[in-house]
Every structure is written in C-alpha cells, then in structure tokens.
Amino acid sequence: MGYGAHRREIINLCRAGGGMEIFMRISVITGASSGMGRDFVRMIDKIEDCDEIWVIARRKDKLEELKSETEKTIRPIELDLSVNESIEKYGELLKEADAQVVSLVNAAGFGKFGSFEDIPLAEQMNMIDLNCKALMAVTYLTLPYMPEGSKVYQLGSLSSFQPVPYIATYGATKAFVLSLSRALNKELKSRKIKMISVCPGWVKTDFFDRAVSDDTIKYYNKFFTSEEVVNRAVRDMNRGKDVSVCGAQIRGQVLLTKLLPHKLVMSIWCKQQKK
C-alpha cells in the first residue's frame, strides 16, 4: 500500500470514529501527459507535502506511466478539458474527494503557427477553449478547496507580453493567462494563496508536433528544456513573484516589449520570420 492510500485509510477511520477532521492533501496537474506538465509532476512529487497527485490529460496511457516515476500516489484522470462535460466531471471529482488542493498546475494547452486565415476556425476555437476557458474554469473550481499557503502555476508564454503575427490566436490566449493570473494573485493575497504565470520562450517539448505544420515560423532564437523552465518557476514562486520568465536573454526581451512600441516589436518579429 502506497503512502497516499495508507493515509486515506487513516483519514477514513478518523472520520468514521468521529475524531478530528483530517483532509487528504492533493496536487492537481493538467496537461500532465507530456512536456512541462509532466516535468511539473516530477517536481511536485519532490517538493510538495501532499498525499496524491491528480494528473489530468486525454492520454491515459501516458498518465499511467507516471506511477513508476514518482514516490507519491498518482491518480490518472482521463479528461479532455476543452469539453464542458470534462470540466463538470472535474468539479464532481473534487466534491467527492473532500480534499484540500495544496497546489494546482494548469499546463494543458496547445498552439498553432500559421496565417490566421489558414488555420481552421474549429482549431482556433478549440485553442481558446483549452488555453483560456479550461484554465479559468479549473482554477475557479479548485480555489474553494485550497487552504492557506497553496500555490497555483499557470502556463503562459513569452507571447503573453506582445501581439504575435502568425501566432495570433495562441499569443492572445496566453495574454489572457498572464492578465488573469496576475490579477488573481493580487485578489488571493488575503487568503495567502500564491499564483504565478509561467512565461517561457521556446521550450523543447512535443508542443511543436502540433503547432508546426509548415515553415511559417523560421527563426527560433534560443531553446530551453522544460526542466529549466519548471525549476525557474518554483524558484520564482518561492520568491513571491507573480511572473516567471526563464533565461536572462528572454527576460531582456520581455523588458524590451514593455519599452518599445508594439508596432515596432511586431515589425522586428516579422523581419526575423522573413515576412
């Protein structure tokens, strides 16, 4: 019997005997089947004081693999969060668990590179559903179960800070993530819950398998590993920051997007992409 299952047994015995109320402590990670979501699972397993890690994604086989990679109990949950029924199911699972969520990582999302008119409308709407609506909904449903000291990591992007031609809808969804996360971090201070928007540049993950279908985007200035981004995010969270940007060069780019007119920033980007 794993630690999480053993603790759940103790909790049930205490409740049955009318003893002191004890809650399961869980962490929830969406988009956990690959990329930064998967590396967040490994990190949360090391640093978080929790009994179970709920891992959410569409590919259950990939979620099952995580059981052999962590010490804490993994609960695989197969959901497509771009679908309203899956959001409702997640809310039901939280109610049934009667647990405290000590950390939430919203890593589910995808991008698509190309001319706005060439990307199918259904795919762009699905991007908004997953990157924006699902992230907001999961956050909303989870917050009532979060005690003082809890942490929320929201996956944004370097694209959060500027309009990005040829990644237009994706960049707009990540601007939403940044704005929502920073505002909620301020609101949640009274509850002593921290929220951070993780905004990396290019990261070596299978994100590109879906995002890239042609050579619209040609220039990639620097790549980071997902481990580097996750490590930086945890470090910045512990420092009380509400935004995490991995790499001095990328932080320099963010500063420039604040100082320069966005019209000029977009022109530089298009020149880099030979547009």
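Seven strands line up in an open sheet, in the order β3-β2-β1-β4-β5-β6-β9, with parallel pairing; strands are DSSP runs of E with at least two residues, helices are runs of H or I with at least four, and both are numbered from the N terminus. Two strands count as paired if DSSP finds at least two bridges between them. This is a predicted model, in which local features need pLDDT of at least 70 and side-chain atom pairs count only at pLDDT 80 or more, while totals for chains, interfaces and linings use all residues. Residues are numbered from 1 along each chain as its sequence is written, and side-chain values use heavy atoms, with hydrogens and water left out.

At the edges of the sheet stand β3 (73-78) and β9 (243-244), each with a single partner strand, so one side of each has no neighbour in the sheet. Strand β2 (residues 52-57) runs parallel to β3, and six bridges join the two. Within β3, R75 is the bridge partner of W54.

Helix α5 touches β1 (25-30), β4 (100-106), β5 (151-155) and β6 (194-198), and its direction makes about 170° with that of β4. Contact here means heavy atoms within 4.5 Å; axes are lines fitted to C-alpha atoms, for helices over the stretch in contact, and angles between N-to-C directions run from 0 to 180 degrees. Helix α8 (residues 226-238) lies across β5, β6 and β9, at about 145° to β6.

Helix α5 (residues 121-142) also meets helix α6 (residues 168-187): their axes come within 9 Å and cross at roughly 10°. Among the residues making the contact are M127, I128 and L135 of α5 and Y170, F176 and V177 of α6.

A pocket is an open set of points on a 1 Å grid over the protein atoms alone, where a 1.4 Å probe fits, with protein on both sides within 12 Å along at least five of seven lines; lining residues have an atom within 4 Å of a point. Of the 13 lining residues, V243, V245, R251, V254 and K258 are the closest to the centre.
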